[in-house]
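Hi everyone, thanks for coming. I'd like to walk you through a structure for a few minutes, so please have a look at it with me.

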Amino acid sequence: MKVDRIIKNAIVFTSNSNKPMATAFAVNNGKFVYVGDEAGLSEYEGEVTDYNGKFIMPGIIDSHVHIGVGVGVFYTDDREYVEGDSKQEMLDFMADHIKQNPGEERYRFELERDRLHGDEIVKEELDLICPDSELLIVEMEAHSIWVNSKILEKHQITDNTPDIVPGLSYYVRKDGHVTGNIYESASWRIIFDHLKNLTDEEIETAVTQWISDSVEYGVSYVFDAGYPEFDDIHERVYACLRDLDRQGRLPVYVDGCFVLTRRDKIKETIEETKRFRREYNTEHLKVHTLKLFMDGTLKIQTAALDSPYIDTGRMGSTIFEKEDIAEILKLLNEEGLDFHVHTVGERASHIILDGVELAKKELGDDFRVKVTCAHLEIQDDEDLDRFAQLGVFANYTPWWHAGNIGGRPLETWKNMLGEKRALSMYRCKTLWDTGAIVTFSSDEVFFGYNWSPYLGMEVGMTRNISEKTRAYDFALTSEEFPSESEKMSIEEMMLGYTINGAKQLGIEAFKGSIEEGKDADYLVFENNLLKAEPEGFSNISPSEVYVVGRRLNNT
């Protein structure tokens with residue numbers, strides 16, 4: 001049989017459980033037609049490449065990214081990091097910066113909330129240092145902000161403005177008055193309100209940068225987790241992806257979604273998801289998922305817990321209860337749509353699992369919604385077996401597994417969560433061993449920096465960010481994060497980034513592994529990754545990247 005390409009003398013990790021390793025394969029018309037050893041190549045003729053022991057694995061599937069948010073960050077990279085060891089020192093720093101840079105329409109700053117040591121910044125303090133211009137401070141995770149009165153007035157936020165979700169997406173009040181501190185989705189339109197002026201050309205510039213980075217890392221397929229509260233920009237990014245695909249300029253496959261952040265928009269969001277499925281449907285762009293922000297983050301204590309945060313007594317909050325989730329699932333089931341949920345605290349994922357259980361009891365064998373819980377920083381012991389039992393996918397962001405973004409000191413987590421919870425975060429290995437399908441993703445918005453699956457693989461294996469790690473300048477601690485037993489092997493990391501991701505997205509029939517009949521998506525590395533040192537693994541990249549049999553990179 002004549003074929004386009006024959007590969008031999010390689011170390012091939014296939015992600016196929018029936019044939020996990022191979023040394024040779026053949027590709028024809030963008031498909032693997034043979035995978036095995038050199039002896040089986042006798043039936044094929046074509047261009048032969050002898051890789052002389054190089055390592056090959058399937059193309060990466062990053063099953064939770066944010067392309068649209070990345071576009072927003074691409075054009076919002078003008079924030080000044082606030083220095084100082086107290087609130088007053090930080091206010092003085094901002095006042096001095098404004099004095100040194102007079103006349104700007106908006107001053108943008110960024111600070112880590114921990115450094116306030118429990119103090120709060122209020123609009124009156126910001127008005128004193130910036131009475132005539134807008135002043136915006138973004139908390140480091142971009143899940144909360146502080147603003148002065150100018151911005152509150154611009155967005156018509158008053159003492160009577162209702163919270164979007166009490167305890168989750170809300171306006172902080174003191175004695176009934178808004179303070180200028182705003183949480184979660186209530187803040188996102190303010191952070192990115194300047195994006196309404198982006199041109200189509202600017203959006204394309206940012207999107208093509210993301211495509212370039214994806215190709216560099218060998219990411220062949222992604223799930224885009226949406227742009228919450230920015231439906232207009234979200235759609236313009238998808239329109240850009242669609243147009244690029246029609247022009248033959250989108251080599252990476254994008255599985256998209258539409259985002260739900262408010263209780264009163266369930267049916268509207270489902271209708272919009274269906275519209276996106278119709279309108280953004282090209283070879284490399286599909287939409288079939290509703291994305292839900294069920295809770296928030298641990299750092300700012302909007303993640304929903306079963307028992308209070310130790311230092312403040314807060315509990316966090318969720319948008320829905322289990323009965324609501326069951327109703328949403330039944331609606332999605334009718335429309336043939338899937339469900340992807342942001343779940344950080346244990347109460348958030350517990351409610352989702354309960355909702356799945358309710359819906360499955362009612363629908364029985366007719367239930368066909370693929371449900372994914374993303375992030376899963378804290379989980380109840382009683383829920384660990386339920387992912388496998390209910391068929392719910394568990395999606396982790398492993399580069400957080402050194403102690404959240406950048407690595408927080410363990411003592412900080414103990415003070416916030418208590419010792420038991422702090423010592424049992426990110427239990428991906430435990431969940432893996434139950435038989436649940438665990439998938440991995442970057443959840444990154446900075447193009448070209450931490451948007452790398454190999455960073456996730458390294459920290460997933462080490463639970464540490466060392467001097468050899470590409471994200472070292474994000475690290476707040478050099479200690480290894482517990483528990484030792486939650487470290488993943490390189491084989492498990494690769495499976496989570498390949499075939500398991502394909503199963504999450506429902507594409508395992510043609511993506512995710514090197515086996516006969518599937519798309520020829522594969523990566524070539526100079527060294528055997530199965531024997532590579534975990535520390536520093538984040539700095540590797542493939543020398544050759546192939547998607548559907550076509551080489552995409554030129555290095």
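Predicted model: local features only at pLDDT ≥ 70, side-chain atom pairs only at ≥ 80, totals over all residues.

Let's begin with helix 6, which runs over residues 200-217 and has 18 residues. From its first C-alpha to its last it reaches 26 Å, close to the 26 Å expected at 1.5 Å a residue. Its buried residues include Ile 203, Trp 210, Asp 213 and Tyr 217. After helix 6 comes Gly 218, with a positive phi near 80°.

Now find helix 9, residues 322-335. What covers them? Just after helix 9, Gly 336 takes a positive phi of about 70°.

How many disulfides does the structure hold? The count is 0. Take Cys 240: the closest cysteine sulfur, in Cys 257, is 17 Å away, so it is too far for a bond. Cys 257 is in no disulfide either, as its nearest cysteine sulfur, that of Cys 373, is 15 Å away. Cys 240 is buried at 9% relative accessible area, and Cys 257 is buried at 0%.

Next, the aromatic rings. Searching the whole structure gives 20 aromatic pairs. One of them is Tyr 238 with Phe 276, a tilted pair with 5.6 Å centre to centre and 55° between the planes. Tyr 238 lies in helix 7 and Phe 276 in helix 8, so this pair ties together parts that are 38 residues apart in sequence. Both Tyr 238 and Phe 276 are buried. Elsewhere, Phe 25, Phe 32, Tyr 522 and Tyr 546 form one aromatic cluster.

Rings meet charges here too. The charged end of Arg 189 sits over the ring of Phe 230, 4.7 Å from its centre. Likewise, the charged end of Arg 408 sits over the ring of Trp 413, at 4.6 Å from the centre.

Last stop: Asp 132, in the loop between helix 3 (123-129) and strand 11 (134-139). Is Asp 132 buried or exposed? Asp 132 is exposed, because its relative accessible area is 67%, and the cut-off for exposed is over 50%.

How values were computed. Residues numbered from 1 in each chain as written. Heavy atoms only, no water. Helix = DSSP H or I, 4+ residues; strand = E, 2+ residues; numbered from the N terminus. Expected span 1.5 Å × (residues − 1). Buried < 20%, exposed > 50% of the residue type's maximum accessible area, 1.4 Å probe, protein only. Disulfide = S-S within 2.5 Å. Phe/Tyr/Trp six-rings, centres within 6.5 Å; stacked < 30°, edge-to-face > 60°. Lys NZ or Arg CZ within 6 Å of the ring centre and 35° of its normal.
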